[in-house]
Amino acid sequence: MTGTSILAQPITGEVAIDGRLLRADPQLLGMQFAAGGEEGGLLAIPALLNIARLTARLKMGLARSVVVADAHECAELWVESYWANGVAHLSILSSKPVNYTSDQDASRDAEIDWLGGDFEAEVDADGRLIGLTGDFPPDYDHAHIGFPIDGMFMLDANQREEWENGWRAERAFDLKNVQISKLDSRYLMESRPLFHRKGELAGYRLSFSPCGLEPGANENAGGAQAGKRQILFGRELGSVLRQPLGRIIANAETIGVKLQGPLRDNYAVYAKDIASAAKHLVALVDDLGDLEAVEQPDFETALDDIELGDVARRVRGLLALKAADHRIDIITPDENEKVPAVAEFRRVLQIMLNLVNNAIRYSPDGSKVVIDIAKLNDVACITVTDQGDGIAVEDREKAFEKFERLGRSGDGGSGLGLYISRRLAVAMRGDLRVSDARDGGALFALTLPAG
Amino acid sequence: MEVASFHARDSQLLCADVAAMIFPRAYFPASDELLADISANIIQLVQMLEQEITANEVANSPSPPLLDRSAHLRDPALIDFMLARQAERRLEKRLSAKSDIALSATLPARLLTNASHEIAEAAQTILAATSLNRRSAALEWRRLPPELLHALCWRIVAAVHPERSDETDQFRQNAQKMLACYDEGATTGNAVRKLLHMLGSDYADEIGNAEKAGLALFVGNLAASLRLAEDHVLQLIDRPSIAAFALLQRAAGSDFDPAMENIRLLYGFDTLTPRDITLFEDGFAALSLEDARRVVAEWQVARDSYLLPGRSDMEPLS
């Protein structure tokens with residue numbers, strides 16, 4: 001039997017009504033001692049004591065599996081008991097080891113064990129790692145021994161200079177805010193030279209202790225790595241915020257639709273307001289993440305071969321329900337009409353979703369939103385036309401500014417959508433502009449390099 | 001007309017699913033017929049116990065009306081136990097009708113000859129219960145969980161006391177004898193748990209298949225892996241819609257094909273509507289393990305809060 005041992009002879013014991021272990025086979029006595037109990041004392045194994053007490057209370061024969069554990073192992077036992085002569089008679093018939101440590105638990109334990117404590121690295125005179133002690137990061141195990149330590153951390157220009165000067169002068173030096181590769185934490189690195197008896201440099205002992213990121217520590221760092229570090233919101237804070245917001249939305253919606261039971265109507269409305277506000281915050285988090293990305297100096301987009309008619313139809317599909325709520329028709333180009341372009345597909349889709357969303361939001365119910373495509377020489381163009389109030393000439397450039405709402409409020413917008421869309425369009429070597437539609441609404445035109 | 005009737009049934013099932021979500025405590029919409037059955041079963045059980053305790057033929061047993069008036073017969077734990085037995089009987093019949101293999105080829109039947117006496121005995125208990133369920137035999141008081149039997153037994157002693165106070169001591173002794181000869185190990189639920197414990201991971205594939213394992217072992221395994229009560233799992237599977245059963249199997253980590261096979265066995269494709277199948281095919285893969293487990297945990301909490309007032313094992317231990 002896999003994992004389960006059925007005992008040839010049950011392990012037995014007798015327990016008095018007050019829980020004292022009156023008699024026990026040697027194995028049970030061993031368990032009693034291991035659990036800190038004593039012979040004739042209160043049964044020290046809680047799961048067995050419970051079953052004995054229940055037997056005593058009900059005065060009936062019971063048969064159950066119980067889990068017992070000590071510091072070293074954990075097992076599920078099959079225990080049967082009966083009541084006779086004022087005593088609960090216990091029999092353990094079989095035992096199955098229980099393993100509570102999964103791989104995931106093990107890796108989590110490793111993470112918990114390593115909470116960014118102090119650790120030391122020793123390097124030889126050629127800069128190779130020759131030893132690690134203390135709470136070194138999980139990714140930096142002894143497999144790195146013998147390899148240059150340079151790859152273990154990332155130094156900015158100033159830190160690099162200080163590092164090289166220190167080594168040349170064979171002196172002690174400290175570096176603040178050193179970033180270990182693949183880790184977010186920053187360390188204070190204290191470097192102390194080691195010498196042979198003859199006085200030659202033998203290497204360095206580097207002591208790392210965690211330190212917070214000092215404001216402006218890397219402001220002048222420059223380089224791609226420093227740039228990547230600045231994308232903090234979209235990658236890190238964004239996901240940290242989205243999770244609790246997602247829970248707020250889910251719970252508020254559950255309450256709002258009274259899934260958990262009856263609720264006063266006005267409370268249900270409040271719950272829906274909470275869900276709506278949280279959705280707005282999620283959209284804002286998304287926008288801020290995008291904003292951070294598009295404002296990076298090295299922000300780039302992929303060059304995919306795309307077809308604008310396909311984009312238009314996908315946008316219609318994605319927003320069909322929302323449009324139907326407002327009885328708005330989204331009209332897209334005919335299947336046979338094709339305009340190839342070179343741009344990153346998901347970014348073009350993002351821009352178009354933003355434009356059509358705005359068109360639905362600001363158009364009267366029952367109107368039309370038209371998506372059209374065209375090619376002019378080497379420029380591919382996709383336009384969104386609505387039947388709303390349009391945008392005044394003096395506001396047209398302002399509409400593309402950061403956090404600009406053109407006096408609107410309470411409609412769930414963040415004022416970042418058009419700004420991000422234009423930045424994306426420019427990054428794809430195109431542009432995004434707005435003009436008047438023939439029948440008075442707004443016409444947004446996204447231009448991209450033709451394919 | 002056929003299409004229309006399918007859609008009508010779809011709408012009805014959809015309403016049932018939504019109702020179960022909105023009112024999780026009313027997780028089992030009991031029909032009048034079912035309630036009448038349950039009442040009859042409870043009264044029959046009480047009469048049976050009274051007969052054991054008083055050692056008399058029950059012509060006008062005094063305990064059922066008295067216990068009913070004092071709300072003891074509306075104990076949620078007792079009603080839940082009876083509902084589960086009804087579900088068990090229905091599922092057992094459905095499984096025996098759909099199954100291509102004979103009862104003698106199921107895992108419990110094959111384990112009758114196991115070298116371990118303990119395993120063989122547990123398998124025999126399961127088979128006996130299966131046989132009773134398939135024949136819709138009356139509920140035997142020995143199948144009650146010990147806490148419930150204990151509570152019911154002493155309530156009956158108290159109920160007959162006013163009419164026959166001179167015999168109360170005798171009734172007490174009879175009750176004590178009856179309880180002393182009760183063996184929890186002989187209840188189906190416990191035999192299943194014992195078998196699962198002793199088999200370990202052996203026969204895992206067979207146990208995950210309702211046809212090969214038999215209903216009791218299959219349900220016991222599902223309950224153990226989801227840490228639910230077997231009676232709860234039985235009632236969830238017995239719902240008219242397959243949604244709950246599909247979700248249970250997803251939460252237990254079943255693969256698509258074995259899960260589909262179990263649905264076929266316990267529902268039958270002939271009774272599945274296009275909505276059922278679409279729901280299963282689309283929903284099963286799309287539903288994450290975590291979400292499925294979260295929903296199951298919510299069901300468990302709802303059931304616990306429903307049963308808590310009736311828990312007879314919640315009294316302080318002496």
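In chain B, helix α2(B) passes helix α4(B) in a right-handed crossing, meaning the near helix is turned clockwise from the far one by less than a right angle. The model is predicted: local features need pLDDT of at least 70, side-chain atom pairs count only at pLDDT 80 or more, and totals for chains, interfaces and linings use all residues. Residues are numbered from 1 along each chain as its sequence is written, while chains are lettered from A and ligands numbered from 1 in the order in which they are written.

**The α2/α4 pair**
- α2 (residues 32-54) and α4 (residues 76-98) of chain B pack at about 110 degrees, axes 10 Å apart; axes are lines fitted to C-alpha atoms over the stretch in contact, and angles run from 0 to 180 degrees between N-to-C directions.
- That makes α2(B) and α4(B) roughly perpendicular (65 to 115 degrees).
- The contact includes B:Leu34 and B:Ile38 of α2(B) and B:Met82 of α4(B), where contact means C-beta atoms, placed from the backbone, within 7 Å.

**Helix α9 of chain B**
- α9(B), residues 188-199, reaches 16 Å from its first C-alpha to its last.
- Twelve of its twelve residues are buried (20 or more other C-beta atoms within 10 Å of a residue's own, all placed from the backbone).
- Just after α9(B) comes B:Gly200, with a positive phi of about 60 degrees.

**Chain A overall**
- Chain A has ten helices and 18 strands, taken as DSSP runs (H or I, at least four residues; E, at least two) numbered from the N terminus.
- Of its 451 residues, 28% count as buried.

Note on methods:
Parallel < 35°, antiparallel > 145°, perpendicular 65-115°, else oblique. Contact = placed C-beta atoms within 7 Å. Expected span 1.5 Å × (residues − 1).
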